[in-house]
Amino acid sequence: MAAMAAEEAEVLNLFTGIGLTEAKARETLRNAALSAQLRQAVLQARAALGSGLDKATGALLYNAAARLRDPDRLAFVVGYIGRREIRTDQQLGAALQYLRSHPLEPLEPADFERACGVGVRVSPEQIEEAVEAVVNRHREELLAERYRFNTGLLMAEARSRLQWADGKSIKNEVDLQVLHLLGPKTEADLEKKPKAAKARLAPVEKQKAPVVENGEVCTETKSLLEQLRGEALKFHKPGENYKTEGYVVTPNTMALLKQHLAITGGQVRTRFPPEPNGILHIGHAKAINFNFGYAKANGGICFLRYDDTNPEKEEEKYFTAIREMVEWLGYEPYAVTHASDYFDQLYTWALELIRRGQAYVCHQKVEEIKGHNPPPSPWRDRPVEESLVLFEDMRKGKFGEGEATLRMKLVMEDGKMDPVAYRVKFTPHHRTGDKWCIYPTYDYTHCLCDSIEHITHSLCTKEFQARRSSYFWLCNALDVYCPVQWEYGRLNLLYTVVSKRKIIRLVETGAVRDWDDPRLFTLTALRRRGFPPEAINNFCARVGVTVAQATMEPHLLEACVRDVLNEQAPRAMAVLEPLKVTITNFPAPQAIDVLVPNFPADESRGFHKVPFQPIIYIEETDFKEQCILSQEADRGYKRLALGQPVGLRHTGYVIAVQNVIKDAQGRVIELEVTCTKSDSAEKPKAFIHWVSEPRVCEVRLYERLFLHKNPEDPSEVPGGFLSDLNPDSLRVVDNALVDSSVLGAQPFAKFQFERLGYFSVDPDSTEGKLVFNRTVTLKEDPGKA
């Protein structure tokens, strides 16, 4: 232990000696692969330049070691750094780009040196001339805007003219020439630039929901396909995997890529690989859009592949629900596959991995190998023949669960050593039955299934970045086609939990009914609540395809929902708290059919008839008994009151209260009113909705399930997420009234109930009574923003 500590201290000193902070040096030490690469690079550079390496050289060495996995190529580049022939970040970047574009040996030194500016010296006179030309080009703008002009533009243009010039020298020259042209800064130059007045949006633009990119609200966004098409993401082209930073090239890589292109024809191939042990949630919606969307945008195909390697937690209902949700979002898989489809091939490859000395059977317990610094396995160097026999014994069930695993010989980027490839589980598999009692892990299965399906872009969330090196390692260890893993940021929402374990706890405790309870943010729950799939896809597009994790407010998703439902949901009228109204001078001997537009903004989309009779029902809250003129606090009240008439929507009539009828407890139970044609009455202050000959229905009004933004955060909710439940997250109105236009509506049909919000028919509906879920209110609640 003392020797190990001394060696660690020596390497730590080596890293801090090139300019790394102690914290960065320790972080590097935890990554064994990077640490070994950087140590070798520093020692090589010291041999050429001496022990006193400056910080700039140290930065070059660190970047080279972090971005070049091949030790021979790293040594090649460090040689140029050591000879002071690569001196800048620009040269290093060009060098790495050249190496990615030329994966085969031998390299042509002269061609490499031309590509990264070796031997090119930019004189001060050349910098002065280039900057002078750029300044003259923007002279009028500089004189007009003075020091408010963006000088970064000048530096970028000068850099484009002199690719290998030193950035600091260009900046100094730009500053000097701008000072010469404008003179010293005046007091006016030092004043803050006034903010430009916001332009008023056109009516159509006003209807757009806020756009969210990297957590910031903007006013515009590109469609998802525009974000994913072609070069938009800087992804590699099919067959050019080797141009990706960090991709490991072996002597067989180019031949394997050639075979790959012969099979795919250069087609983009992605996959969405969920585990069938739970229901998809809003975060999965981004993954579905990204994987299927990238393939669609680039003329490719996307597989739906179930990662069914853990039979203990998998159920058929999850397989069905996952596919339903993918199709509900509008995507059709090219093929539906399962990791279990490839169990035989994966087992054969495991045997080959052992034969190549890259895997071994280990008997350490699960508890022993947990964490980041477990003790090395005493069985790591056991003979190949012994591991082959023991692995076969594992397959035959001669070991109990936890008594033996197959482990791969590699160190992952997060420092985890020798991840498990196979473990023993005596659980029948839903597809293969009792054929297997050993099952592969994610770390072993994922990249190999990608290889079998010839995936070009293996898209996954950022937490899998630490597994990228093992992804490449395993494919290369078996000499099979190696796809490229690309990471993107997760999508999270506040005021919710999406963990399978925590949702199960919510169901078990009765806090929610099931996985599709409309207060959850599973996709089945959002569908049940009435969220249109287009709104979810639009939300994913507005969040953007970002590398950084995005944690969003639910009201931003709800804004997307309103945008879509405003165009999709026909209007109807419903009353949640009915108050009977009798029109004593009803103008006709029988009911009048009133035509109500399905979409008031576009009457070409049709009308529906609503009967207007002497007895109607309005909302209790749309009436106040006292005369509002006598109540200072009620001066903003514009609806029905004694002495204050109100219009009835779509009827062309205004009603005025004549008599208020109460029950024995003094509660208003009925109003007697008179009506007047609106064209012969004074214009009312407001128009209210109503129903006549209504149908009784149940309405479920939902609010946030949790009280705090981060119910899983102990600092915010010390008692745990179950202690943060909102007692008012669901209110059921058993005897609401709705107009007859909605009769016959099927589950998931959507309506806008005028003045109340958007509602969706719940599957609990029966022939005798419809049940509606409130999807969202008509307007965002300012208190929730």
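Let me begin with Asp443 and its surroundings. Setting aside neighbours within four places in sequence, Asp443 is in contact with Met408, Met412, Lys416, Pro419, Val420, Arg467 and Leu474. Please bear in mind that this is a predicted model. Asp443 belongs to helix H20, which covers residues 442-452. Is Asp443 buried or exposed? Its relative accessible area is 11%, and because the limit for buried is under 20%, Asp443 counts as buried. Its side chain also has a polar partner: a polar contact of 2.6 Å links it to the side chain of Arg467.

Strand E7 has partners in E6 and E8. Strand E6, residues 359-362, is joined to E7 by four bridges, and the two run antiparallel; here Tyr360 has Arg407 as its bridge partner. Strand E8, residues 420-424, is joined to E7 by three bridges, again in an antiparallel arrangement. In that pairing, Arg407 stands opposite Val420, and Val420 is one of the contacts of Asp443.

In what order do its strands lie? The sheet is open and has seven strands, in the order E14-E28-E29-E30-E26-E27-E15, with mixed pairing. At the edges are E14, residues 571-572, and E15, residues 574-575, each of which pairs on one side only. Helix H25, residues 554-568, packs on this sheet and touches E14, E28, E29 and E30. The direction of H25 makes about 120° with that of E30.

Let us follow some of the pairings. E14 and E28 are parallel, with two bridges, and Arg571 stands opposite Gln752 of E28. E28 and E29 are antiparallel, with four bridges, and there Gln752 has Tyr758 of E29 as its bridge partner. Which residue in the turn between E28 and E29 has a positive phi? These two strands form a hairpin with three residues between them, and Arg755 in the turn has a positive phi of about 70°. Elsewhere in the sheet, strand E26, residues 695-702, and strand E27, residues 730-738, run antiparallel and are joined by seven bridges. Arg695 has Val738 in E27 as its bridge partner.

The next residue is Thr674, in strand E24, residues 668-677. With 24% relative accessibility, Thr674 is partly exposed. Thr674 and Gln658 are separated by 16 residues in sequence, and their C-alpha atoms are 6.9 Å apart. Beyond neighbours within four places in sequence, the contacts of Thr674 include Thr584, Asn585, Val654, Ile655 and Ala656.

Finally, I come to a pair of helices, H8, residues 124-137, and H10, residues 151-161. How do they cross? Their axes come within 9 Å and cross at roughly 135°, so the two helices are oblique to each other. The crossing is right-handed. On the H8 side, the residues that meet H10 are Ala130, Val131, Ala133, Val134, Val135 and Arg137. On the H10 side, their counterparts are Leu154, Glu157, Ala158 and Arg161.

Terms used:
Residues are numbered from 1 along each chain as its sequence is written. This is a predicted model: local features need pLDDT of at least 70, side-chain atom pairs count only at pLDDT 80 or more; totals for chains, interfaces and linings use all residues. Side-chain values use heavy atoms; hydrogens and water are left out. Two strands pair if DSSP finds at least two bridges between them. Contact means heavy atoms within 4.5 Å. Axes are lines fitted to C-alpha atoms, for helices over the stretch in contact, and angles run from 0 to 180 degrees between N-to-C directions. Buried means under 20% relative accessible area, exposed over 50%, partly exposed in between (1.4 Å probe, protein chains only). A polar contact is a pair of N or O atoms within 3.5 Å; within protein, one must be able to donate a hydrogen and the other to accept it, and residues adjacent in sequence count only if both atoms are side-chain atoms. Angles under 35 degrees count as roughly parallel, over 145 as roughly antiparallel, 65 to 115 as roughly perpendicular and the rest as oblique. A crossing is left-handed if the near helix is turned anticlockwise from the far one by less than a right angle, and right-handed if clockwise.
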